[in-house]
Each structure stands twice: as C-alpha cells, then as structure tokens.
Amino acid sequence: MNGEPLRILLVEDNADHAELVKRNLADSQVANRLFHVEDGEAALDFLYQRGAFADPAQFPRPHLMLLDLRLPRVDGLEVLKEVKSSPALLSLPVVVLTTSEAERDVARAYAYHANSYLTKPVDFGQFAALLKDLGFYWLAWNRRPW
Amino acid sequence: MSTTAPHISDGPLREAEDLFHDLIEALPDAVSLVDREGRIAYASRTGLKLYGVPSVALAIGQVALDFVAPEERERAAQHLTEVWAGRPARSAQYTLLRADGSRFIGEINLARCNEAAGRPSLVIAVTRDVTERTQREAALMESERHFRTVLLNAQAIIFIIDREGVFRLSEGQALAALGFRPGQVVGQSAFELYRDFPSVVESIRRALAGELVRVINDLNGAIFDTVYTPYRDLDGRVTGVVGISIDITERRRAEIALQQKSEEIDRYFTSALDLLCIADTGGFFRRLNPQWEATLGYTAADLQGRSFLDLIHPDDLESTLKAVSQLAAQKDVFNFINRYRHKDGSYRWIEWRSFASGELIYATARDITDRRRTEEALRESEQRFHALFDHMTEGVALHEMVYDASGQAVDYRILEVNPAYEKHTGISARQVRGQLASVGYGTSQPPYLAEWAAVVASGQPHHQETYFPPLKRHFRISAISPKPGFFATVFEDITERKLREEELRRKNEELERFTYTVSHDLKSPLITIKGFAGSLLHDVAAGRHERLAPDLQRIADATDRMAGLLSDLLELSRIGRSAHPPGEVHFAQLARDTLELLAGPIHKRQVTVTVQPDFPVVYGDRRRLQTVVQNLVENAVKFMGDQPQPRIEIGWRAAGSETVFFVRDNGMGIDPRYHQTVFGLFNKLEAKTEGTGIGLAIVQRIIEVHGGRIWLESEGAGRGSTVCFTLPLPAKKEPTP
C-alpha cells in the first residue's frame, strides 16, 4: 500500500457527473485527493502546472487522470494524445471515463495509449462500485511511478 | 535393092527368093546391104521410105555413111570395120540423115552376110526408127529425174522394201529426223532396224501380205504418217512394199497444243468459279458456264438461247439496255451491276465485266448479292453506331497513338469526337479534331498518356475515375484499343455524382457524428438522473436530508436538458424537409422582426443592436432564415462576456459574385482553433454555458440547405466574433447595391 493519498485529476465538463464521481470516491475507503477541471485546455494547464495551476503546492502532480472524451475546447482525445506524446507526462496513467460506448472511441483511446477505458454506468449502484474498485485498484494494488 | 541380083534363079529357089524378098519388104525395119566399098547395094522399100529416098535407083551406089550425121560417122565407120573384121553383130544408135537432110534417131544393127562363092561380101544393115522411143525414154528419164529431185528434197521418206524386208530404197530429207542419211539403210533389214517398233514391223508385214496400210508412228519423238503400199509384179504377186513417210511431228505438236489449249479454255469455262457467259448484242445468251445454276437456279442449258433481258429486274432494264448498246458500239463495260431473277422469283445482284467483240459479248460476272447484303447490313450497323455515337450521353473520342523514333508513345492525335464530347468538355470538335492531344488540350504533357499507351500496348481496356484539372471536372473514362495503334475513350462527366458522393460522404459522417453525439448527450442526463436518484435513496435511507433539495434540482435540470435536446434535435432534423415553400425574403425586415422576438434578453444585457440599411432581397425559407438570425443574435448576447458596451451589428457586403451576410459582436470572441468545431453538433466551448450545443449546428444546416456557406471570423478571445454566411439572391433580380 502506498502511504500517500491517491491524487486524481478529474477532467469532466458535466458538473453533475463530476459530483457523482466525487461522492462515490469519497464513499470508497480509498484515501484520495480529487482535482476537477472542466475542459481539456484546463487539464493540460493543470498537468503542465501552468496558468491558473502554476502553483505546485496547490496543484501537485496527479497520480491518475480520469478523462472524459467529449470536452469543450480541447477534446479528451487531444488531451490524451498530448499527454502520451510528452516525455514528462507519458507515464501518467490515464483512465478514460466517458458516457460513450462507441467502439470507435474505445479503439481511438487505446490507439492514443489510454491506460484504461471505462464507460460510465447509468445504474447508480454500478457507478459506485466502479469508482470504488477503481480507487482500490490504483491506490492499493497498482505500483505508481511517483 | 538391085533388080539385077545375079544368084536368083528360076524354079523353087526362085520361089524361096521371092518369099524372102517379100518378107524383107514386109518388115517394119529398113533393111539394106552395104558392100566393101561402103556403098549401098540394096535397100528395102521400108528403108527407102525411112531415109526419104524416092527410088531404089537413087539409093544403090550411095555411100552408106553419108546417111549418118557427120558427127557420128566415125563411130559408125568403126562399127562397120568391126563387122567386116568378123566381130559379132551388134546394134548401136545413131543420129541419121534423111535425103532431105532432116535427122532422126535410128538403131542400126550391122551383121556380115555369109560368104559364098561368087557372091560379093556384104553387110546387112537393119535400121529401126527409134526417134519416138528415144523421145519417150528421154521424157521418162526427165520425169524420173524430177521425181527423184522431189524425193530427195521432200520432208518425207520414200522407201522400198523387198519381200525379204530389206530396204531397196530410202530417200528423203525427213530421214534426218531418224538420224539416217539418204540411202544409208539400203541393204539393211527393216525388220531388224525397227525391231523395237512393233507397229512398223507389223505394218510392213501387212503390206507384204497385200494390204494397203496407213499408220502414224511415234519413232522416238519423231512422228511419221506412213503409207505402206504393196508392190506387185505383172502377175499380181507382191514383190515388195513401197512406202512414203511424212514427218508430221511439228504439225502433231501444234495440233496437240491447240487441242490442249482449247481443252484448257473449255475447262476454264466450265470450272471457273465466276459466272462466265457469251451473249450477243441482240439480248440472247449464247453460252454459259455451269456456275450460273448456283446463282440463278437455271442450268446453263436452260438459259442458252434465252433472252437475258427477260430475267432482268424491271428497274434495271433501262440501265442494262444502255450497257448493251454500249457493247454493241464495241465499248467494254466494267463494273456494271444489275439484278437477275432467280428461278424461285427472288432477285440476285450481279456485277459484270463485259467485253465487246462484234455482236458477241464476252462477260464475266459475280453474284454480289451476299456482299451487298453484308454491305447493307454493315451500312445499317454503321449508321446505327453512328447514331449511337452522335446521341449517346457519354463523350467518345477516337485517337491514334503517336510514337517517337524509339517507339515511345509521346502524344496522341484526336481523330474524332462525338457531340457528347463537346457537351461534356465544352471543347468544340473543330477545335480538337486532327490535333495532337497536347495541342488540343493545351497541356505540356498529353493527358493520361501513360494510361492510354498501356491500353494500346496491351489491348486491355482501362477504366478509371479521375479529376481532370484543365476542365475542373471529374470524369469516368474507359479506354479501349479497337486496333493496334488506336484507342477510343468513352467518358462521362461524373462531377455531379462526385459532388453528390462527397455530400453523401459528408452526410454520412454527419449522421454518424449525430448518432454518436445524440447517444452520448442523451445518455449524459440519464446518468445524472439515475446517479442522483440513487444517491438520494442512500441519503434518505441514512436519514441525511441536507443534499435532498439540490440533488432533486440536479435531476430536474437534467430532465429539462433532455427535453431541450430532444426538441432541438427535432428542429435540426426538420431543416432538410422544408415545410414552407421558398420565396423572396426581405432580409432587413426579417432582422427587425427577429430582434423584436429577442427584445427581452437584448435589453437585459444592455446590448446595442444595429441593422445595416438597404439589405438585398434574398431567396429562401423565411422561417428558417429567421431561426438563423435568432440563433446568431442569441449566441452573441450569450457570449458577450464582461463587455461593458455590448454591441451587435447585422449587415451585409458584396464579395465578388457573392453577397455575404454577417452578425458581428464585440463579445468574448473565439479562439481561431475552434472556428470550425463551433458548428459541430453539441460542441460547446464552455461547459457551464446554457444550451444544448445544437444552435450553431442548426444555423449551419439551414444555410447549407439554402445553398450557402457559413464561417466564423474572429481575431481571437476577447475581440468579438463575426459569423458570416452567404445566401442565394432571387434569380431574376440583381442585388440592390
């Protein structure tokens, strides 16, 4: 087990969905710290610690990014592409968390080296279970690079 | 001759003497006696008459030699001397003189009389007039000489073979043909000589048996016509064969050649595949070859003697009579064509070559019915294809490939193009026909040279769809090579299809995006609703009530969003199916009406809106166009940001042939990176802003349905933005400047 709480960057334009993620992660027994941005541009700014997110103390490097695909301004896939083509960021595990079940999206996400692809379940119970498992996996089982 | 003959006495002797005397006198020959002195001692009456001496008295005592021609007297004297010398009697022929000096030829036999006592020695001379015989003999000899000359010089062989088969005579120039000289084979056996020619031996045997034989023998290539005639003695027995052989080799050869020639002609006439005939200018068939039966159904015999005019198609009668009269004028007629009635009533086309020779016409003819039918069919087919060529919707061009010295295809010549070609390319046939492609199309490299060269080289057709830059059109082109060095291109302008395909592709993409985004964006509120409903249930169960109201609000908002989405989607889907007929729309009025509708939000945000005067009238669906203006103004108001003096301008400008309309604001502006994506369905630049993200998609769709374009002009965030679009103007009206 890792001592440090799991820092998660949630990139989600839908405030309701973000709230649901937040609540379910909080309910899980996983020590975590959630950062939420609403579009791709902000996500990249966060990751590069620039603009509004320039302060590393306030906005430390996340251990995991939960990335929605349909985002205003910079699309989720664009963000993914940028992360995976940046030597500084490519080791960041990126879990795509989206409403889309389209195969094309799944294929493209993996083509851009997404580490995992999750579809938001419509059922609340499943949604809760998914996030619980997710947190547990990445905090308890997964060995992270930093 | 002397009446005083001394020894004749009376009595029996006298009687004997008288008898003898009478005998002498009766002889046809002249009898005289010559004494030792050579004088005539006696002459018979026949003798007197022969020598023309009137009386015995005048004869007695004359010198006998005086009656011999002077040039022969010496020979005669010699003759006398012999006789006196006691040599045996002999006769000799002399030219003799009559008393009147005339000459005749006589044969004189001199003999010495028996010596008796008391009797003078005398010579008896018996003279026979042989003038006539001599003349006959001379004539005979002359004749024989002539005959012999003829024989020797004749182109024949005259021969005599005796009973034993031995040649007794062999003469004539023709012997040379057998390799013999005249007389060479005389003494040789004919049977031996000709043992290898049984017909010769046989003929000789038959002639010797008494038969007149005539045969033609081929003696090693020399051909002789020979008559063998049996030669008989006075008793009628065959003693030999007289033959004459005439060398007929040359004649025979000529005959054979002539026969062959005429056989050849006859064979040609009967076996020629062409129709041959001899007719006359009177209009009658004289002779026809058997081929006519195949053409006209009548045998040559049926037609011979018939009038050929009877068989001619009525429409061709006049031209035929004209041809016949031309032939009668001894002018040959070539390539004349008319129709003959077949036995079955049908007509056959006959082509003639006729030669005039007096009243005869020598003609060769050919049945060209099938050829004409083929030609006819070909012509029809050609016409059909030409009509097709002229009327087909595909452009067709025929070309000939042009090669350089090394056999490399370097260009091609445009030989023929059809009207569709002109229509599709806008290039007139006159402009390109006969031109090299590089010249006709004005390109440095002949278009598609490599492809067409491959078609010509391989004979394999080639099909392709291609964009042809010189004409800015898409074509589907098929190329075939109908014969070496040539090729045809058949093409259709598929620009429209390509555009439709492109549109379809775009539509499909749009549909896919639509489906995708619809499923995504409709699902999104569902997750919210279910999520918060679940959370609510938990909270209620746990007795926590502080989040109930906001969570319920979230659920209500999500439901509203879904409703809004559904209604916007419905509107979007309706745009293509216009419920309102398009017409002239006064854009300025439309703008003002729209602004009235939006008076509330505009007033609330304190926005100044200006509408440019003198808008052109446009053509379209007024309601939809109003939606455009409404959405654009709403967006402008919505994204005004913190602009202290918000302004919106509705205007237009002429740009080339287009009229560009625009809605400009001085609000937040849009980063150029997002100028394209803002029109996408459900694409929102701000997660928090109201709306479904369908507004601009609807606007774009309406403009596109009207045949216009829409785009965004903005210098970036914070600098305001301008949405521009084009609309069609009414066809008849010029835009108001």
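This is a predicted model: local features need pLDDT of at least 70, side-chain atom pairs count only at pLDDT 80 or more; totals for chains, interfaces and linings use all residues.
Residues are numbered from 1 along each chain as its sequence is written, and chains are lettered from A in the order in which they are written.

Let's begin with the domains. Chain B is divided into domain 1 (12-136), domain 2 (154-253), domain 3 (272-373), domain 4 (392-493), domain 5 (499-560) and domain 6 (577-726), with bounds from an automatic or database domain assignment. The C-alpha centres of domains 4 and 5 of chain B lie 59 Å apart.

Now look at helix H18 (residues 495-542) and helix H19 (residues 548-575) of chain B, whose axes are 9 Å apart and meet at an angle of about 160°. H18(B) and H19(B) are therefore roughly antiparallel to each other. Among the residues of their contact, 19 are nonpolar, three polar and four charged; Ala, Val, Leu, Ile, Met, Phe, Trp, Tyr, Cys and Pro count as nonpolar, Asp, Glu, Lys and Arg as charged, and the others, Gly among them, as polar.

Next comes an open sheet of five strands in chain B, ordered S22-S24-S25-S27-S26 with mixed pairing; strands pair if DSSP finds at least two bridges between them. Strands S22 (608-611) and S26 (710-713) of chain B stand at the edges with a single partner strand each, so one side of each has no neighbour in the sheet. S22(B) pairs with S24 (residues 647-655) of chain B in the parallel sense over four bridges, and Thr608(B) stands opposite Arg647(B) in S24(B).

Notes
Side-chain values use heavy atoms; hydrogens and water are left out. Axes are lines fitted to C-alpha atoms, for helices over the stretch in contact, and angles run from 0 to 180 degrees between N-to-C directions. Helices (H or I, at least four residues) and strands (E, at least two) are DSSP runs, numbered from the N terminus. Angles under 35 degrees count as roughly parallel, over 145 as roughly antiparallel, 65 to 115 as roughly perpendicular and the rest as oblique.
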